[in-house]
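Please read this note with the model open beside it.

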Amino acid sequence: MKKILTTALMLTFMVGISFAQKLAYVDSEYIMKHIPEYTAGQKKIDDLSNQWQKEVDKQYAEIERMYQAYQNDQPNLNADMRRRREDEIVNKEKAVKEYQRGKFGFDGEIIKQREALMKPIQDRVSKAIQDIATAQQLDFILDRRSEVSFLYANPKMDKSNEVITKLGLKPNPALAN
């Protein structure tokens with residue numbers, strides 16, 4: 001009987017603790033849309049990406065032209081000339097793929113640029129969120145745009161506008177989705 005009473009008391013205590021936790025959420029995408037440096041940085045990254053993609057497309061078009069010229073000239077070429085032209089096309093294609101990997105790959109230039117431009121902004125937002133959580137004694141702040149699935153989110157719990165204000169900006173409801 002004593003064990004049952006102790007277990008019930010502990011269970012009640014644990015349930016009480018779980019309900020005592022204070023939650024809030026933010027919409028990070030909405031917050032980022034308010035930060036001019038973010039939109040400018042995103043535009044710069046998009047411009048670089050488009051510029052590099054045009055260069056890749058241009059080089060692939062050149063490879064296609066080389067291949068078409070090879071196809072047209074092939075009957076007139078001896079074995080050694082065919083092999084040299086084929087090697088030239090293959091090497092050009094390898095170079096383009098390496099360029100593409102260097103710009104868009106896992107450790108590519110676009111990732112480095114994004115990190116360099118966005119990390120300071122993300123750090124500012126994170127600091128503002130932490131300050132609000134500390135000031136309002138919140139236990140958790142979730143990001144509405146992350147993997148966490150909300151079946152319901154009380155708008156009173158949304159702290160996005162407070163984060164925007166903490167960053168020294170004015171919330172614009174038109175930017176919300």
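The numbered points below go from the whole chain to single residues.

1. This is a predicted model. The chain contains six helices and two strands. In sequence order, these elements follow the pattern α-β-α-α-α-α-β-α.

2. The chain has 177 residues, and 21% of them count as buried. Its accessible surface is about 12800 Å², and carbon and sulfur atoms account for 57% of that surface. Take the contacts between residues at least 6 apart in sequence: 79% of these join residues at least 24 apart.

3. The largest nonpolar core has 18 residues. The members that touch the most other members are Ile 31, Ile 35, Val 125, Val 163 and Leu 167. Two or more residues each come from helix H2 (28–33), helix H3 (36–73), helix H5 (109–135) and helix H6 (160–166). The greatest share is that of H5, which gives seven residues.

4. Next comes the packing of H3 against helix H4 (residues 79–104). The two axes come within 10 Å and cross at roughly 170°. Because angles over 145 degrees count as roughly antiparallel, H3 is roughly antiparallel to H4. The contact between H3 and H4 consists of twelve nonpolar, four polar and eleven charged residues.

5. Gln 59 belongs to helix H3. Is Gln 59 buried or exposed? Its relative accessibility is 16%, so Gln 59 counts as buried, the cut-off being under 20%. Leaving out residues up to four places away in sequence, Gln 59 touches Lys 92 and Val 96.

6. On the H3 side, the residues in contact include Tyr 38, Ile 45, Leu 48 and Trp 52. On the H5 side, they include Glu 109, Ile 110, Leu 117 and Ile 121. By class, this contact has eight nonpolar, four polar and five charged residues.

7. Trp 52 is located in helix H3. With a relative accessibility of 8%, Trp 52 counts as buried. Apart from neighbours within four places in sequence, its contacts are Tyr 99, Lys 103, Phe 104, Glu 109 and Ile 110. Trp 52 and Ile 110 are separated by 58 residues in sequence, and their C-alpha atoms are 9.4 Å apart in space.

8. Pro 120 sits in helix H5. Its relative accessibility is 45%, so Pro 120 counts as partly exposed. Between Pro 120 and Tyr 38 there are 82 residues of sequence separation, with a C-alpha to C-alpha distance of 9.8 Å.

9. His 34 is part of the loop between H2 and H3. Its relative accessible area is 9%, so His 34 is buried. Which residues does His 34 touch once those up to four places away in sequence are left out? The residues are Ile 164, Leu 169, Lys 170, Pro 171, Asn 172 and Leu 175. His 34 and Leu 167 are 133 residues apart in sequence and 9.6 Å apart in space, C-alpha to C-alpha.

10. The last point concerns backbone geometry. Most residues other than glycine have a negative phi. Gln 137 is not a glycine, yet its phi is positive, at about 50°. Where is Gln 137 found? Gln 137 is in the loop between H5 and strand E2 (140–143). At 59% relative accessibility, Gln 137 counts as exposed.

Terms used: Residues are numbered from 1 along each chain as its sequence is written. This is a predicted model: local features need pLDDT of at least 70, side-chain atom pairs count only at pLDDT 80 or more; totals for chains, interfaces and linings use all residues. Side-chain values use heavy atoms; hydrogens and water are left out. Helices (H or I, at least four residues) and strands (E, at least two) are DSSP runs, numbered from the N terminus. Buried means under 20% relative accessible area, exposed over 50%, partly exposed in between (1.4 Å probe, protein chains only). Contact means heavy atoms within 4.5 Å. Accessible areas come from the Shrake-Rupley method with a 1.4 Å probe; for residues, only the protein chains shown count as cover. A nonpolar core is a set of buried Ala, Val, Leu, Ile, Met, Phe, Trp, Tyr and Cys residues joined through side-chain atoms within 4.5 Å. Axes are lines fitted to C-alpha atoms, for helices over the stretch in contact, and angles run from 0 to 180 degrees between N-to-C directions. Angles under 35 degrees count as roughly parallel, over 145 as roughly antiparallel, 65 to 115 as roughly perpendicular and the rest as oblique. Ala, Val, Leu, Ile, Met, Phe, Trp, Tyr, Cys and Pro count as nonpolar, Asp, Glu, Lys and Arg as charged, and the others, Gly among them, as polar.
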